[in-house]
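I opened my notebook to look up strands and aromatic rings. Here is what I wrote down, entry by entry.

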Amino acid sequence: MGKLFVVSAPSGAGKTTLCRRVLEAVPDLRYSVSYTTRPPRPGEEHGRDYFFVSREVFQGMIDRGEFLEWAEVFGRYYGTGRGWVESQLEQGLDVLVDIDIAGARQIRERMPEAAFIFVIPPTFRELVRRLETRHTETDEQVRIRLARARDEFAALDMYDYLVVNDDLERATADLECLFRSERLRLERQRGFRRRFFEDAD
């Protein structure tokens, strides 16, 4: 059975960049592409970054119970498809889910065995700097995201691991270490005892 890894962070923490780097470095790790009702940003592709769907389509999926989690964030809906994630785990593959606090809380209730990871900059001041210098939101949107970041930090105890993204290389190595260490658990290597003595005779 594979392991589900849930990664969350406030906007501006660098979560997306870290997740992409880890996906390139860790073999047999699958990324769960979320569904959303927000329009694509420049450079984003349907099916790669998100599945961009209408509010009506999203609501139909909610009604049919097709989400492992879903949430409304800043007036847009986001959700993780249940069927695909469960099929990957059953094949023994690890899955990375990149979601917000509300979604992580739903998964914590349904799949407490998952690994929950929170990514954060070294200081709140650094988070402010990153949001203000990326120039993708209005001043009002930045203010809202910073207020939300305080609430998100208050939910830190819900997570199992904390990765401080003060240096991209070090944070990537820390995150990669978490994925690799979970695979070293004895329960994930039950076939080792059988294989160990295969050529003993």
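This is a predicted model: local features need pLDDT of at least 70, side-chain atom pairs count only at pLDDT 80 or more; totals for chains, interfaces and linings use all residues.

I count two strands as paired if DSSP finds at least two bridges between them. Helices (H or I, at least four residues) and strands (E, at least two) are DSSP runs, numbered from the N terminus.

Residues are numbered from 1 along each chain as its sequence is written, and side-chain values use heavy atoms, with hydrogens and water left out.

**Strand β8.** I looked up its partners. Strand β9 (residues 161-164) runs parallel to β8, joined by four bridges, and I120 stands opposite V164 there. Strand β1 (residues 4-8) also pairs with β8 in the parallel sense, over four bridges; F5 faces A115.

Then I checked cover: six of the six residues in β8 (residues 115-120) are buried (under 20% relative accessible area; exposed is over 50%, partly exposed in between; 1.4 Å probe, protein chains only). A115, I117 and V119 point one way, F116, F118 and I120 the other.

**Aromatic rings.** I found 13 aromatic pairs (ring centres of Phe, Tyr and Trp, its six-membered ring, within 6.5 Å; planes under 30 degrees apart are stacked, over 60 edge-to-face, the rest tilted). F192 and F196 are tilted because their planes stand at 40 degrees, with centres 5.7 Å apart. F196 and F197 are edge-to-face, at 90 degrees and 4.8 Å. F192 is partly exposed at 44%, while F197 is exposed at 57%.
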